[in-house]
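Please report on helix packing, pockets and sheet order in the structure shown below.

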Amino acid sequence: KATVSVLNCQALTPQAKIMWAKACGILAVAGAASARDDGLAQTPPMGWRSWNFMLANVSQARILAQAAALAKTYPDLGPSLRDVGYTDIGIDDGWQACGLGVNGTFHDAKGQPLWDTTKFEDPSQMVADAKVKHGLTVGWYSNNCHCHETLGHKWPWNGGGHIMQDAAATAQIGFKGIKIDSCGPALNMTEWGAQLRAADPGIVIEDCLSKGFWRRGMEPVVPTSEVLKTCPMHFYRTTADVAPDFYSMLANANQQALLLAPYYDDATRAPRPGCWSYLDMLEVGVRSGDYGMNRVESKAHFALWCVMSSPLVLGYDLTNETLYRDVYPIVTNALALEINKAWAGNSGRLMKNSTDTFVVAAPHGATAHQNTPLVFSAFQIFAKPLNTGRTRWGVLVINAGKYARTVPFAPADVSPALGRAPSATDVWTGQPVDISSGSFFLAAHESMFMILEA
């Protein structure tokens, strides 16, 4: 099989090497103003979404059971996940009445979306129950992939859909979030944003649409440069669907670095408050057949999402107490969440690759399918500034290899403002880290997640 390199400079075209060099460079000092003036998503959104656990097997009862678990407190653990910040619960694909609409769609003659009432008896009541009983907002999903409505047309077919009606239904039911996918026929993200804002300016919008073009190397209906500048969404997916696999999640981070390399130094288009880049749903605690991440890999995964300012959207079964307890210390770590929320003019970036590389077939999607051979760097360093003086940083060093190795590290890999001997604090333990040796010995897939301060 041919390999597709998304991670290694040496294997890229000359043009891509220029992009990669920017992605690996020192972070820009200039800050970026919010692309939106609605005040929403000023920090990366946090919540739970159904797809990774339920796929299309969703229902009103199952969603409300997860809502109750999100708000539940175990006194020996600490605050509920809701009280830590995971305050939105999202319905993904599977809510719709497939085939009951016009021409086998799930919209009626007036363009109104049709719910599968055997699964969802009363969506408005579900939203009210989640709010009143559990203190949560609820989001849903449109431009669906399950029984999509392209009516046999080859993708991308930007020739249909019911954006105005779906936006109106979002507001009428009371949803405060929506995920717009890329499988249906309504492929203009700018139009989606305008119709949703008109229906209810308090709806947080996830653009899962544009990535359908980006992952194919195509320009969206509204060109990338424009959609990142005007930002009709509050956060946007940049990659293929992630799988519960270490290399899948690492591939997503690197694919995002390549896509956004031309824009990281442009304050009007870089990820910023109200317009976050999104690495996809978290796979911490998720399993699919033989796929799933162990604790070491899960910590690296969550740390990477935090240091890149990605929205944090859980996807495991919250009603499984054993799983809940196992995952809780990772997804509620105070320093990790502090790094995720911090804003000092930059959302975090890949800073350094090793020159050693190897090839691994990385799976994609919740069902861990479509293994794609990719070139990975043996180790990588990611970092995010935590203050405007660039003297405090969140730093993640990852051993991507399959074997233990010594990974070199120097503060200069991150920023000259750190000097030669900054203090270092382990994010997971809160304890000091000795960085004087100039390296870390890390097991396979192990990481060092720390805060450096001059």
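Helix α11 (residues 295-307) packs against helix α13 (residues 334-341) at an angle of about 30 degrees, and their axes lie 7 Å apart. Axes are lines fitted to C-alpha atoms, for helices over the stretch in contact, and angles run from 0 to 180 degrees between N-to-C directions. Helices (H or I, at least four residues) and strands (E, at least two) are DSSP runs, numbered from the N terminus. On the α11 side, F302, W305, C306 and V307 make the contact; on the α13 side, A336, L337, I339 and N340 do. Contact means heavy atoms within 4.5 Å. By class, the contact holds 7 nonpolar residues, 1 polar and no charged. Ala, Val, Leu, Ile, Met, Phe, Trp, Tyr, Cys and Pro count as nonpolar, Asp, Glu, Lys and Arg as charged, and the others, Gly among them, as polar.

This is a predicted model: local features need pLDDT of at least 70, side-chain atom pairs count only at pLDDT 80 or more, and totals for chains, interfaces and linings use all residues. Residues are numbered from 1 along each chain as its sequence is written, and side-chain values use heavy atoms, with hydrogens and water left out.

Next, the sheet. Its 8 strands form an open sheet with parallel pairing, in the order β7-β6-β5-β4-β3-β2-β1-β10. Strands pair if DSSP finds at least two bridges between them. At the edges, β7 (276-278) and β10 (312-314) each pair on one side only. Neighbouring strands are turned by 25 degrees against each other on average, direction ignored. Helix α6 (residues 163-173) packs on the sheet and touches β3 and β4; its direction makes about 165 degrees with that of β3. Strand β6 (residues 235-237) pairs with β7 in the parallel sense over 3 bridges. R237 has Y278 of β7 as its bridge partner.

Now the pockets. On a 1 Å grid over the protein atoms alone, a pocket is an open set of points where a 1.4 Å probe fits, with protein on both sides within 12 Å along at least five of seven lines; lining residues have an atom within 4 Å of a point. Grid points are joined across faces, edges and corners, and a volume is the space filled by probe spheres set on the points.

| Pocket | Volume | Lining by class |
|---|---|---|
| Largest | about 1200 Å³ | 21 nonpolar, 17 polar, 11 charged residues |

K211, R215, R216, T239 and A240 lie nearest the centre of the largest pocket. β13 gives the largest share of its lining, 4 residues. In the second largest pocket, the largest share, 4 residues, comes from β1.
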